Amino acid sequence: MDYLVRFSRIPDLWRFVLITVAALACAAITASLGFWQLGRAAQKQEIFDAMARQQALAPWHNAELSAQVPPITESISAAQQKDWLHRPVQLQGQWLDDQTLFLDNRQMQGKVGFYVLTPLRLMPPHERVVIIVQRGWAPRNFMDRTVLPPVQTSAGVVTIEGRLEAPPSRLMELEAKPSAAAEGADPDGQKSRIRQNADIAQWAQQSGLPLLGLSLVQTGAVAASEGLLRDWPQINAGVQKHYGYAFQWFGLSVLVVLLYVWFQLVRRFYFPRRSAQARVQP
């Protein structure tokens, strides 16, 4: 309570100045935070619009993909990724089933299971090109974590549709583990195929496959196909959240201004003046 006593002893003019400065600073800060949230919303909307434009492009086929996207051994610039990511593709090739990898602890429709990754070798004359395909999600056996789900993989030529994306996202792991290809494990060994993360560069180095620097997210029917579910998360700009935050900050800024006007101007100058005029009148 001592600080209230000390504040009450400050002359009225200085107290008025201090309150005015504090109110102006608070209103300016909250208003700037509101504009910052609007800026964040505009940035996310711009990214979303760019992704939508990419997805609306004509799909690449084997020839375009092999000519445009370099192998993982070559660096990819940010500008190149911007031009390639989220672009639709339609490819013909053959699955390299012995290189299939199961990424653990991946969720779809609220359930935990595996993301199934299989390299796809393009058909001649582009057989030197291999791309990692995120084929879909499969449930996990909770009774025995080493048991792999049944996934049907055609041995012949397949035609798949999807979109180009970055390699699968990495999950936190306590200890770095090599990929299945890096271990050189038996392709039929179930344990060797289950991994927390997939390092495509290491996968390419150990397997000798000319893997591309991007992956392909296979799309199609949401219902289970080949034992896999492909209900991938939908892209959402997420700007409504920022608009809500901006409204709150602007509302707080307006509230500060209104409180200042009421307590420091109206009650300080207007009401005393009216009371003085009332006393003067006969």
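**Exercise 1. State what share of the 282 residues of the protein counts as buried.**

Solution. The model is predicted. A residue counts as buried when its relative accessible area is under 20%. By that cut-off, 35% of the 282 residues are buried. As for the surface, the protein exposes about 16900 Å². Carbon and sulfur atoms supply 59% of that area.

**Exercise 2. Count the helices and strands, and find what share of the contacts between residues at least 6 apart in sequence joins residues at least 24 apart.**

Solution. The protein contains eight helices together with seven strands. Next, take the contacts between residues at least 6 apart in sequence: 76% of them join residues at least 24 apart.

**Exercise 3. Compare the reach of helix 2 with the value expected at 1.5 Å a residue, and list its buried residues.**

Solution. Helix 2 covers residues 12-55, which is 44 residues. From its first C-alpha to its last, helix 2 reaches 64 Å. The expected value is also 64 Å, and the reach is close to it. The buried residues of this helix are Phe 16, Thr 20, Ala 23, Ala 27, Thr 30, Ala 31, Gly 34, Gln 37, Ala 41, Met 51 and Gln 54.

**Exercise 4. Describe the surroundings of Thr 30: is Thr 30 buried or exposed, and which residues does it contact beyond its neighbours within four places in sequence?**

Solution. Begin with the location: Thr 30 is in helix 2. Its relative accessible area is 4%, so Thr 30 is buried. Now look at the side chain. A polar atom of the Thr 30 side chain lies 2.8 Å from the backbone oxygen of Cys 26. The backbone oxygen of Ala 27 lies 3.1 Å from a polar atom of that side chain. Finally, set aside the neighbours within four places in sequence; Thr 30 is then in contact with Trp 249, Leu 252 and Ser 253.

**Exercise 5. Trace the pairing of strand 1 and strand 5, giving the direction and number of bridges for each pairing.**

Solution. Start from strand 1, residues 88-95. Strand 1 runs antiparallel to strand 5 (residues 157-165), and seven bridges join the two. Within strand 7, Val 217 stands opposite Arg 163.

**Exercise 6. Give the number of aromatic pairs, then work through the pair of Phe 102 with Phe 114 and the pair of Tyr 115 with Trp 232.**

Solution. The count comes to four aromatic pairs. One of them is Phe 102 with Phe 114, at 5.8 Å centre to centre and 85 degrees between the planes. Planes over 60 degrees apart count as edge-to-face, and this pair is edge-to-face. Phe 102 lies in strand 2 (residues 101-108) and Phe 114 in strand 3 (residues 111-122), so the pair ties together parts that are 12 residues apart in sequence. Both Phe 102 and Phe 114 are buried.

Then take Tyr 115 and Trp 232, an edge-to-face pair with 5.3 Å centre to centre and 70 degrees between the planes. Tyr 115 belongs to strand 3 and Trp 232 to the loop between strand 7 and helix 8 (239-280), so this pair ties together parts 117 residues apart in sequence. Tyr 115 and Trp 232 are buried.

Methods
Residues are numbered from 1 along each chain as its sequence is written. This is a predicted model: local features need pLDDT of at least 70, side-chain atom pairs count only at pLDDT 80 or more; totals for chains, interfaces and linings use all residues. Side-chain values use heavy atoms; hydrogens and water are left out. Helices (H or I, at least four residues) and strands (E, at least two) are DSSP runs, numbered from the N terminus. Buried means under 20% relative accessible area, exposed over 50%, partly exposed in between (1.4 Å probe, protein chains only). Contact means heavy atoms within 4.5 Å. Accessible areas come from the Shrake-Rupley method with a 1.4 Å probe; for residues, only the protein chains shown count as cover. The expected span of a helix is 1.5 Å times one less than its number of residues. A polar contact is a pair of N or O atoms within 3.5 Å; within protein, one must be able to donate a hydrogen and the other to accept it, and residues adjacent in sequence count only if both atoms are side-chain atoms. Two strands pair if DSSP finds at least two bridges between them. Rings of Phe, Tyr and Trp (its six-membered ring) pair if their centres lie within 6.5 Å; planes under 30 degrees apart count as stacked, over 60 as edge-to-face and the rest as tilted.
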